[in-house]
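Welcome! Here is a short tour of a protein model, written for someone meeting it for the first time. Please have a look at the sequence and the structure before reading on.

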Amino acid sequence: DEESYEYEYDDDEDEQMGDGGGGGDDGSEEESFDYTDDDEEDNQDDFEIAIENAYYNAKGLKETDVGEAEEAFLGVIGTEQEEMAK
């Protein structure tokens, strides 16, 4: 499961370190990054992939077991309707 992150550099932190402008003469120069996770976008992508996989699995069942394929297709429709209602 691949996650994406945005990196935000905080320029103000050097000034707040107390050395009057981030000279870094003491060798303790640190950078601060804020990590934000794009869960909402990832969740949407995961949902679309799951629906697509369920559809193709149902389509594959059509060749061997029509009744089970029908149930799988109805499951895909129900899941998609639930997600759209959110």
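## A glutamate on helix α3

E80 is partly exposed, with 36% relative accessible area; buried means under 20%, exposed over 50%, and partly exposed in between, using a 1.4 Å probe and protein chains only. This residue is found in helix α3, which covers residues 66-85. Helices (H or I, at least four residues) and strands (E, at least two) are DSSP runs, numbered from the N terminus.

Which residues does E80 touch, leaving aside those up to four places away in sequence? They are F47 and I51, where contact means heavy atoms within 4.5 Å. E80 and E48 are 32 residues apart along the chain, while their C-alpha atoms are separated by 9.1 Å.

## About the model

This is a predicted model, in which local features need pLDDT of at least 70 and side-chain atom pairs count only at pLDDT 80 or more, while totals for chains, interfaces and linings use all residues. Residues are numbered from 1 along each chain as its sequence is written, and side-chain values use heavy atoms, leaving out hydrogens and water.

## The chain as a whole

The protein chain has three helices and two strands, and from the N terminus on they follow the order β-α-β-α-α. Of its 86 residues, 9% are buried. Among contacts with a separation of 6 or more, 62% are between residues 24 or more positions apart.

The accessible surface of the chain is about 7,200 Å², and carbon and sulfur atoms account for 43% of this. Such areas come from the Shrake-Rupley method with a 1.4 Å probe; for residues, only the protein chains shown count as cover.

## A negative patch

On the surface, D45, D46, E48 and E52 gather in a patch of negative charge. Patches are made of residues with over 30% relative accessible area and no salt bridge, with like charges joined within 9 Å. Asp and Glu count as negative, and the charge is placed at CG of Asp or CD of Glu.

D46 lies in helix α2, residues 39-61, and is partly exposed at 36%. E48 belongs to helix α2 as well, and its relative accessibility of 43% makes it partly exposed too.

## One salt bridge

Side chains of opposite charge can pair when their charged atoms come close. How many salt bridges does the count give? It comes to one, where a salt bridge is a side-chain nitrogen of Lys or Arg within 4 Å of a carboxyl oxygen of Asp or Glu.

The partners are K86 and E83, at 3.6 Å from N to O. K86 is exposed at 77% relative accessible area, whereas E83 is partly exposed at 25%.

Notes. Patches are made of residues with over 30% relative accessible area and no salt bridge: like charges are joined within 9 Å, nonpolar side chains (Val, Leu, Ile, Met, Phe, Trp, Tyr) within 5 Å.
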